[in-house]
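Visitor: I'd like to learn how to read a protein model on screen. Could you take me through one, feature by feature?

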Amino acid sequence: MLKMKKTLTLLAAALLLAGSCNGPSSGEALLLDKDNIPEIVKAMTLEEKCHLVVGGQQKDVLDSTDQILMASTRKLVPGSAGTTYPVERLGIPAIVLADGPAGLRISPTRQNDTASYYCTGFPTGTLLASSWDPGMVEAVGRAMGEEVLEYGVDVLLAPGANLHRNPLCGRNFEYYSEDPLLSGTMAAAFINGVQSNGVGTSLKHFAVNNSEINRLACDSRVSVRALRELYLRNWEIALRQSAPWTIMTSYNYLNGVYTSEDPELLEGVLRGDWGYEGCIMTDWGGGQDPAAQIHAGNDMLQPGKDWQYKAIYEAVSNGSLPESELDACVSNILRLIVKTPRFRGYAYSNRPDLAAHAQLTREKAAEGFVLLKNENAALPLAEASSAALFGQASYRLSAGGTGSGNVNKAYVINLDEGLANDGILLDGETDLAYREYTAAEYARVDEANAGKKWYQIPEKAQEMPQASLEALAEKAAVNAETAIITIGRNSGEGTDRHLKDDFLLSGDELQLIKTVSAAFHAQDKNVTVVLNVAGVVETASWKDMVDAILLVWQPGQEAGNSIADALTGLVNPSGRLPMTFPESYADVPAQNFPALELNTGKNDSFLRFSKEKLYEVKDVDYIDYKEDIFMGYRHFCSHCENTSYPFGYGLSYTVFEIEDLRLKKNSEGWTVKVSVRNVGENPGRDVIQLYSFGNPANPQTCPSRELKGFAKTKVLNPGERQSVSIELNAMDLASYVEERSAWVLTPGIYAMAVTADSEDFGMSFGLEVKREREKATGDYLHPRGSVSDRLFIDK
Ligand code: BGC
């Protein structure tokens, strides 16, 4: 710490000495400033450039050159994911990069230091998206960014914006939605919030990284149209509304080429079609050919290895990689560095406002909760009512996911505590029995999980044995006014979820729901299920057994308080589903997905990472995105397939009426305006969704529903009304036509509707497009054969 401060002071002094002039006068050292980047690039040796494009963990090199500001994450902000390589003679500091989407991930404690460095566990990405409220997401991002700044980190490795193609993807909790508009809008809001602190973000993982198993060697094979309309569309939207300092490429191949080695994806689409000007970095250890990465315009390789340095050095030396291409990457990295707090010499405090952020987390999380069911006015719970709390997960809520999306937070509020804080009286006997049972059960699983690696699925606690449960439930049903059962699920980086005991509720969980419901219904009392889950679970087979279901995802460290606030009606849950809850897994359109039974106990994400690209095993070495553009609700709506809960769905403790639809044409498109009135009895917020109903010229070739806009009201009191508007650009109704490499808007009347969710018909209307319009793109990303003959550099 001391050494680092000293180095920073020296650096700051050196910068001051450099003054504001662009070039040094004779005898003065040339030091980086924001206006002299070309000069610095010219002054750098080939060695320095090759080091800079490779991250700070080039151990062999660093050890031999005795750098003090070495990029080992143990020295600069312990526990961060990586740094850039410092070149001190030119005033280029190492900047710090750290995860992740639900809050800053650094070590909470440090050697020989009694202080703690906990960060706030904020709600996960999926919960943020469920709010359908970019303003809320921006506020959370702002708070997160303050922690990034005050803990001395320069770039937050977030948000994650891959689409939820299949409910079993292990990292879906970090991502937003199955819809590109919702996903892109949320990503932009997050980026704007974090970056308002003068720190950077890394929009990740670009692109089409929709599963974890074998993620370093798997080829996502997708039609160009599905790429443009879905899997690239969310990035395009995010980049229209924000300017992330960096973008992180993904691990996978896309149509035959590693994303980090693909000039078509990076130079063609990202920089060419979309005009992205920031810095592009690899995911940690992504790709295999460093020279190809630099050639493709992937500016920085993280976390950086000596062999990568050598490969790039050799490629430039032997002329196979033009030095000008290396220079372009170096310039992009320097443009990033000059924006950072570390370069500016910001004196970070190590004291972010954790108390304020905990309060914000408590309030905002509840806005993303989705009320899936509420019969017999089961919710909100009456003031000072009594409840019997069931389910082992109630006593160990899941605040966030595992892997790099985890946050080292100081505490997690459990549901018993949260309910007590909100004045709900817990049935004493049930509470005591659960405390005793979970103490022993958690000790058992903790011991079983102790030696497990980060990518191994931890053993899950079991529910209370049936005999004890039955007796407990029967007594509780007499003594308490209502029952609450928590069902918990976690998931994380490195592996995908499983069908059995994960997507599907396990036998003991179903038995729990059955037993408690039978006991409470016999006494004419309600049962509520709280779903504290990282991703979609099956609901169709058991939802009829209970009266209310509140989906709380993973709400962050104030979980118990946020959930209690929603159960008691202190906050009216106003979330809407950002993905479909299918009736059964067999209905999911994206059936091509890594095999479910792999579970080898090894690191599933590295399963078949080898020198040769192997295309042998379907859905492991390659995944054909056969559902094409009919992914998620686009499939369910177009093929009239039943869902358990549709995309966009969510109830409220109040009732809204939408009226007075008005359309106003402008040069770009239309403004769609409606008035929303709270006609119920509680304050609450509504979400307005605007869908198109397919292309009038080619109805069968387009999804019959696509989200084209949305808006969320403020909190409306009973009787209160608010006018909300949605801007629609005419080209947002266009489809991508591969043969023309263009977005094409065909003339005709486009059927539209303002609705409550993707299955609702709401208020419909037509929009007339009089003449065809076209927006050309580059012709990129067609399948490019086997990569087994590509240059491989031996590590
Ligand atoms: C993850 C990234 C993360 C990086 C650094 C990788 O394994 O895929 O999302 O940012 O590690 O921790």
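This is a predicted model: local features need pLDDT of at least 70, side-chain atom pairs count only at pLDDT 80 or more; totals for chains, interfaces and linings use all residues.

Visitor: Let's start with the ligand. How many residues surround the ligand, and which are the closest?

Guide: A residue is near a molecule if one of its heavy atoms lies within 4 Å of it. Here 14 residues surround the ligand, and the closest are D99, R171, H205, D283 and E493. By class, that shell has five nonpolar, two polar and seven charged residues. In this scheme Ala, Val, Leu, Ile, Met, Phe, Trp, Tyr, Cys and Pro are nonpolar, Asp, Glu, Lys and Arg are charged, and the others, Gly among them, are polar.

Visitor: What joins K204 and H205?

Guide: A cis peptide bond, with omega about -5 degrees. H205 sits in strand 6 (residues 200-206). Helices (H or I, at least four residues) and strands (E, at least two) are DSSP runs, numbered from the N terminus. The peptide bond from L379 to P380 is cis too, with omega near -5 degrees, and P380 is in the loop between strand 12 (370-374) and strand 13.

Visitor: Now the empty spaces. How do I find them?

Guide: Rolling a probe the size of a water molecule over the atoms shows where empty space is left. On a 1 Å grid over the protein atoms alone, a cavity is a set of points where a 1.4 Å probe fits but cannot get out; a pocket is an open set with protein on both sides within 12 Å along at least five of seven lines, and lining residues have an atom within 4 Å of a point. Grid points are joined across faces, edges and corners, and a volume is the space filled by probe spheres set on the points.

Visitor: How many cavities of 30 Å³ or more are there?

Guide: A search of the whole structure gives eight. The largest cavity holds about 120 Å³. Its lining has 14 residues, with H164, R165, P167, E178 and T580 nearest the centre. That lining divides into seven nonpolar, five polar and two charged residues.

Visitor: And which residues lie nearest the centre of the second largest pocket?

Guide: L181, L707, K708, G709 and D732, out of 33 lining residues. The elements giving two or more residues to this lining are helix 7 (180-195), helix 9 (233-241), strand 24 (706-712) and strand 25 (721-729). Strand 24 gives the largest share, seven residues. The volume of the second largest pocket is about 580 Å³.

Visitor: Is S386 buried or exposed?

Guide: Buried means under 20% relative accessible area, exposed over 50%, and partly exposed in between (1.4 Å probe, protein chains only). S386 is buried at 14%. A polar atom of the S386 side chain lies 3.0 Å from the backbone nitrogen of E481. N255 is buried as well, at 3%, and the N255 side chain reaches the backbone oxygen of L781 at 2.7 Å.

Visitor: What is the phi of W132?

Guide: Positive, about 50 degrees, although W132 is not a glycine. W132 lies in the loop between helix 5 (125-130) and helix 6 (134-150), and is buried at 0% relative accessibility. N350, also not a glycine, has a positive phi of about 60 degrees.

Note on methods: Residues are numbered from 1 along each chain as its sequence is written. Side-chain values use heavy atoms; hydrogens and water are left out. A polar contact is a pair of N or O atoms within 3.5 Å; within protein, one must be able to donate a hydrogen and the other to accept it, and residues adjacent in sequence count only if both atoms are side-chain atoms.
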